[in-house]
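Here are a few friendly notes to read alongside the model.

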There are 2 protein chains.
Amino acid sequence: MTLPLLPERLDLGHVREAARRIAGHVKKTPVLHLDALDAVAGVALFLKSENMQRIGAYKARGAMHAVGRLTEAERARGVVTFSSGNHAQAVALAAKTYAAKAYIAMPVDAPAVKVAGVRALGGEITFAGTTSTERHEAALALVHATGATMIPPFDDPHVVAGQGTATLELFEQVLDETGANLDAVVVPVGGGGLVAGACLVAAAYGARIFGAEPDSSDALAQSLAAGERVTIAASNTIADGLKPVQVGELNLAIARDHQVESVRVSDDEIGRAFATLLFHGKTLVEPSGAAAAAAAFARKLPRGLARVGVVLSGGNVGGDTVCGLLAKYAPHAVD
Amino acid sequence: MTLPLLPERLDLGHVREAARRIAGHVKKTPVLHLDALDAVAGVALFLKSENMQRIGAYKARGAMHAVGRLTEAERARGVVTFSSGNHAQAVALAAKTYAAKAYIAMPVDAPAVKVAGVRALGGEITFAGTTSTERHEAALALVHATGATMIPPFDDPHVVAGQGTATLELFEQVLDETGANLDAVVVPVGGGGLVAGACLVAAAYGARIFGAEPDSSDALAQSLAAGERVTIAASNTIADGLKPVQVGELNLAIARDHQVESVRVSDDEIGRAFATLLFHGKTLVEPSGAAAAAAAFARKLPRGLARVGVVLSGGNVGGDTVCGLLAKYAPHAVD
């Protein structure tokens with residue numbers, strides 16, 4: 001007996017409901033706080049380490065919630081999704097958790113570490129082109145062929161509510177551990193699932209919400225500026241998880257309603273943040289997972305904030321990428 | 001009014017006293033627990049992330065305690081130490097905290113990242129040879145010249161009590177967070193400061209204590225087997241923090257009294273543990289900091305243990321070392 005989720009009514013209550021449903025199936029990740037990183041950012045940073053989440057990314061939350069809400073009959077027909085990486089692994093994990101079959105459409109150029117992750121979880125991969133549109137079409141064909149249920153990567157109320165649980169935990173953990181609230185939270189933005197979920201939480205806590213995007217892949221910033229959903233040109237940003245050419249319709253509506261503030265970061269800023277997090281935070285993130293921290297380290301957040309939450313969204317990255325980034329950015333790890 | 005510390009009377013009370021003295025000056029580091037690492041080790045692992053400690057290593061604890069106990073007059077004359085790395089930074093940090101001057105004897109081949117760390121904290125470095133003996137002599141000359149107080153790297157009751165606070169926090173945090181105790185704790189062994197401190201805690205909690213050493217630098221294992229302190233040949237292990245050619249006299253006495261069990265790990269096992277911690281634990285350690293985890297991942301702990309604490313002792317490592325290790329061990333990150 002769960003309430004129907006109408007987009008216009010999504011609020012903290014739905015995030016709390018999602019948190020109850022996924023408890024025990026996803027990890028309560030630690031919040032990290034290091035003086036050396038505060039010194040770089042010029043504010044107190046509280047890092048929600050979703051790189052340590054199951055499957056190495058917050059995406060486990062939304063998928064677990066969405067699959068967990070299906071009926072027995074729906075689960076018996078399986079689930080389908082399309083993703084360049086972490087959402088694919090997340091759906092495969094959620095399907096395995098609920099003994100459902102997972103059909104996954106992935107791009108032919110998906111990182112090997114993410115392909116291996118899906119396969120290790122028993123997901124059945126269909127490779128389809130390189131664009132989001134191509135793999136979306138492949139996923140629709142899978143739905144047609146199997147009768148399985150589509151679990152969208154971001155433009156879905158259940159996925160949004162599930163992703164919101166990362167930010168809910170962050171606010172709760174910081175309050176528990178320090179006795180004070182966050183002034184703001186910064187999250188990376190790809191399709192907008194994480195930021196939309198974060199909005200529902202930040203609003204309830206009276207905190208500002210910032211969405212960090214690669215400057216070459218700033219669909220949210222452009223859409224907020226235009227007042228409507230904008231489709232951007234494909235980007236080659238190193239943040240491979242933040243490449244969608246548009247944000248979700250629901251996600252944009254929530255972001256606009258909650259006055260998300262956009263912050264654009266360059267690939268160099270992301271690369272430097274990666275190295276700073278590794279050497280001074282001792283924590284490994286994938287480039288997308290460094291984008292929100294990059295906004296803080298590059299001092300692109302407005303003055304006047306004292307306590308800022310940052311979601312480290314994922315940590316699925318291979319050795320070659322790590323060493324490529326270190327060759328370029330390790331000497332610049334500290335400002 | 002602090003009690004005199006007589007080696008034969010060192011116990012948990014002294015560790016608790018050290019914890020009170022250093023509170024606020026060192027960080028309460030997080031305990032990490034990841035399913036992916038448990039799967040590799042075959043037991044539940046609780047990782048005390050002293051790589052996130054101030055100056056990037058547990059050594060901050062012992063030095064802060066030892067310097068914090070000095071009188072005003074002693075502090076005015078400064079402090080001296082000799083170290084290949086992390087203890088040097090630790091003494092520099094402690095001296096800075098208490099507004100004392102720090103004179104540090106370091107080997108000419110000390111890692112650049114550790115030299116830079118000492119200088120950034122205002123420590124005055126004297127380079128002296130490559131062996132522990134050479135830098136010890138240089139440090140004694142500095143004491144003679146300046147009247148400053150020697151803060152030994154490990155063979156000292158105040159340093160041992162301070163290092164013990166890492167293990168004390170680990171046991172307390174695991175009990176708080178999970179409601180159950182650890183069966184055992186594994187720590188890396190160089191000169192024996194960390195393991196001696198851990199003994200004082202593990203004994204009080206009824207847990208077994210394991211000391212992990214590189215197989216080419218196993219001074220503790222040899223000394224325990226011989227029943228007396230053994231000086232070993234210099235080693236070229238990749239675990240540069242675990243190279244002392246003998247353990248401290250006090251440290252050996254404590255280890256023997258508390259029935260420390262030795263575990264020898266190869267450089268390959270340490271390298272694989274480094275990669276496993278990075279990719280599956282998302283956490284960066286220096287090679288020495290991976291030695292205790294290596295004992296668990298290589299399944300060298302006895303059967304029958306269910307819940308094992310592991311101290312990740314430090315995380316001061318440069319980009320070249322990281323990429324050198326990944327080139328060799330990244331494909332073997334998971335068994």
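Predicted model: local features only at pLDDT ≥ 70, side-chain atom pairs only at ≥ 80, totals over all residues.

1. Take B:Glu169 and B:Lys48 as an opening example: their closest N and O atoms are 2.7 Å apart, and the two form a salt bridge. B:Glu169 belongs to helix α8 (residues 157–178) of chain B and B:Lys48 to strand β2 (residues 44–49) of chain B, so the pair ties together parts that are 121 residues apart in sequence. Both B:Glu169 and B:Lys48 are buried.

2. Now look at chain A, where A:Lys48, A:Glu50, A:Arg61 and A:Glu169 are joined into one network by salt bridges that share partners. One of the links is between A:Arg61 and A:Glu169, with 2.9 Å between the closest N and O atoms. A:Arg61 sits in helix α3 (residues 59–68) of chain A and A:Glu169 in helix α8 of chain A, so this pair connects parts 108 residues apart in sequence. A:Arg61 is buried, at a relative accessible area of 0%, and A:Glu169 also counts as buried, at 14%.

3. Which residue does A:Arg16 meet in a salt bridge? The partner is A:Glu172, at 3.2 Å from N to O. With A:Arg16 in helix α1 (residues 12–22) of chain A and A:Glu172 in helix α8 (residues 157–178) of chain A, the bridge ties together parts that are 156 residues apart in sequence. Here A:Arg16 is partly exposed, with a relative accessible area of 33%, and A:Glu172 is partly exposed at 31%.

4. How many salt bridges does a search of the whole structure find over all chains? The total is 26. Across the interface of chain A and chain B, however, the rule finds 0. What the rule does find across that interface is 8 residue pairs in polar contact, both residues being at pLDDT 80 or more.

5. Finally, the interface itself. Chain A and chain B bury about 1,700 Å² between them, and 69% of this is on carbon and sulfur atoms. In chain A, the most area is lost to chain B by A:Met52, A:Lys282 and A:Leu284, together 35% of what that side buries. As for contacts, 24 residues of chain A touch 24 residues of chain B.

6. On the side of chain A that touches chain B, α12 (267–281) and α14 (319–329) each supply at least two residues. The largest share, 4 residues, comes from α14(A). By type, this side divides into 11 nonpolar, 9 polar and 4 charged residues.

Key
Residues numbered from 1 in each chain as written. Chains lettered and ligands numbered in written order. Heavy atoms only, no water. Contact = heavy atoms within 4.5 Å. Buried area = accessible area lost by both parts, 1.4 Å probe. Salt bridge = Lys/Arg side-chain N within 4 Å of Asp/Glu carboxyl O. Polar contact = N/O pair within 3.5 Å; in protein donor to acceptor, adjacent residues only side chain to side chain. Nonpolar A, V, L, I, M, F, W, Y, C, P; charged D, E, K, R; others polar. Buried < 20%, exposed > 50% of the residue type's maximum accessible area, 1.4 Å probe, protein only.
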